[in-house]
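Please take a moment with the sequence and the model before reading on.

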Amino acid sequence: MKLQTTNHQIKDQLVVGFALFSMFFGAGNIIFPPYLGMGSGENWFTGFVCYYLADIGLAVAAIFALLKHGGDISSVTGRIGKIPGTLMVSAMILCIGPFIAIPRTGATTYEMFVVPLLGDIGSLIPTAIFFAIILLLTIRESAVIDILGKFLTPALFIGLLILIICGLVSPVGPISDTSQIENVVVEGINAGYQTMDVLAAMIFGISIVKNVAEKGYTEARIKYRVARNSSLIAAVGLLVIYCGLTFLGATASTLYTLDINRSELILNITQDLLQYPGVIILGIVVTLACITTAVALVSASADYFAALSKGKLSYKLLTVLICLFSAAIANFGIDQIVLLAQPILNLIYPGALMLILLAFFSSHLSDYAVRGTVLGAMVGSLCEILYGWHVPLSFVPRLPLSEFGFGWLIFAVLFGIAGAVIHRLKKTSSPAR
């Protein structure tokens with residue numbers, strides 16, 4: 001009986017782990033690693049490690065932070081206050097949901113699958129069909145994780161492995177002994193930062209914990225172990241794929257320069273390796289990646305707002321509304337969506353990252369310290385955004401770690417210290433009982 005139970009746990013962990021893999025692996029994750037490898041040349045592995053740690057390393061940390069708090073995101077964000085915490089989570093979900101990430105999956109499918117195969121036939125009908133499929137896959141809430149883990153993810157994983165193995169057996173070219181990127185470490189970190197998977201991890205973690213409980217794991221210790229191991233399975237799968245895609249890019253480092261478009265690079269590599277059949281395989285892989293990501297995001301977004309409305313807005317109604325809205329936004333195209341989204345994401349991300357890190361030390365920090373740190377991170381990020389818009393904030397480039405894109409960190413530290421001091425002063429001044 002014990003062996004049977006253990007085998008059942010392993011099976012569930014694999015299913016949930018594959019599902020989490022597919023949630024994280026969106027279309028952008030196909031495009032970033034090859035471009036990084038191409039620009040890094042012989043230093044491609046260093047770039048890959050930095051990218052992986054900044055992307056999946058922090059994302060898995062986010063899931064672990066959520067597990068530490070029983071899968072309840074409100075216990076993490078509630079440290080900054082109920083209303084601010086709700087607003088932050090809502091903003092995160094809107095960004096990685098119907099405003100940005102979900103429409104981007106539809107736009108990517110059109111640009112990297114429909115256009116190469118059928119030409120520029122207009123995005124209206126293809127995106128409508130894409131989101132009709134997403135709606136069918138998400139309308140039954142309980143089936144989402146199993147659909148992803150049992151069917152879509154293995155197909156996605158196998159398709160990518162075929163491409164990577166072909167690149168290993170017959171590289172498109174020699175790896176350059178020089179790097180086109182000035183600082184490979186910084187570029188790797190920035191590429192991982194741009195995926196915004198940390199924001200997604202906070203939301204995906206809710207779905208994972210919920211699904212693990214629905215599979216019958218109600219004891220806290222076992223539920224934590226199953227969810228933890230599932231996260232590690234996803235991380236290992238992504239390690240293999242990211243490393244392979246970065247290597248593919250490195251083999252093209254003597255053929256292309258940084259001027260090439262990211263999507264064009266992976267299309268060209270695929271064309272060189274597998275000719276026209278390769279383009280079809282890539283199109284299928286990209287479409288599967290977009291479908292799995294969109295399914296996860298629509299389901300998580302609808303589930304959250306249904307709970308926030310206390311059932312006044314049903315899960316099924318929200319999935320319909322999200323798919324309709326996302327289909328409309330998708331027709332603006334990838335570049336326009338990314339352009340409009342970048343400042344919003346850059347403002348939210350640092351605060352979310354600080355919340356995640358501080359969640360591991362929640363018992364040792366006051367709410368004032370947490371609030372100060374999160375506020376400082378967002379203030380520092382706002383300064384960096386304004387400086388990028390040519391507002392005369394000359395101190396920004398002189399901030400510590402600003403060359404790595406983490407100039408906001410000094411604001412987080414100083415505001416956090418100020419919050420801790422305020423808490424201590426209030427505690428000292430309170431009359432003894």
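## Cavities, a pocket and helix contacts

The second largest cavity is lined by Phe-32, Tyr-35, Leu-36, Glu-187, Asn-190, Ala-191, Gln-194 and Arg-262. The model in which this cavity is found is a predicted one, and it holds 3 cavities of 30 Å³ or more. The volume of the second largest cavity is about 60 Å³. Two helices, H2 (27-40) and H9 (184-194), each supply at least two residues of its lining, and H9 gives the most, with 4 residues. Sorted by class, the lining of this cavity consists of 4 nonpolar, 2 polar and 2 charged residues; Glu-187 and Arg-262 are the charged ones.

Helix H9 also takes part in a helix contact, and Ala-191, which lines the cavity, is among the residues of H9 that meet helix H3. Two packed helices are described by the angle between their axes and the distance between the axes. For H3 (residues 44-68) and H9, the axes come within 7 Å and cross at roughly 35°, and the crossing is right-handed. From H3, the residues that take part are Thr-46, Gly-47, Cys-50, Tyr-51, Ala-54 and Asp-55, and they meet Val-184, Val-185, Gly-188, Ile-189, Ala-191, Gly-192 and Tyr-193 of H9.

Which helices supply at least two residues each to the lining of the second largest pocket? They are H4 (73-77), H5 (82-99), H10 (197-214) and H12 (262-308), and H12 gives the most, with 5 residues. The pocket holds about 410 Å³ of space, and of the 19 residues that line it, Asp-72, Ile-73, Ser-74, Tyr-304 and Leu-308 are the closest to its centre. Its lining divides by class into 8 nonpolar, 7 polar and 4 charged residues.

Two of the helices that contribute to this pocket, H5 and H10, also pack against each other, with axes that come within 10 Å and cross at roughly 105°. Angles of 65 to 115 degrees count as roughly perpendicular, and H5 and H10 are therefore roughly perpendicular to each other. The contact is made by Met-92, Ile-93 and Ile-96 of H5 together with Leu-199, Ala-200, Met-202 and Ile-203 of H10. By class, this contact has 7 nonpolar residues, with no polar and no charged ones.

A further pair is formed by helix H6 (residues 101-118) and helix H7 (residues 124-138), which pack at an angle of about 125°, with their axes 10 Å apart. H6 and H7 are therefore oblique to each other, and their crossing is right-handed. On the H6 side the contact involves Ile-102, Pro-103, Thr-105, Gly-106, Thr-109, Tyr-110 and Val-114, while on the H7 side it involves Pro-126, Thr-127, Phe-130 and Phe-131. This contact of H6 with H7 has 7 nonpolar and 4 polar residues, and no charged residues.

Notes. Residues numbered from 1 in each chain as written. Predicted model: local features only at pLDDT ≥ 70, side-chain atom pairs only at ≥ 80, totals over all residues. Heavy atoms only, no water. 1 Å grid on protein atoms, 1.4 Å probe; cavity = no way out; pocket = protein on both sides within 12 Å on 5 of 7 lines; lining within 4 Å. Points joined across faces, edges and corners; volume = space filled by probe spheres on them. Axes fitted to C-alpha atoms, helices over the stretch in contact; angles between N-to-C directions. Parallel < 35°, antiparallel > 145°, perpendicular 65-115°, else oblique. Left-handed = near helix turned anticlockwise from the far one by under 90°. Contact = heavy atoms within 4.5 Å.
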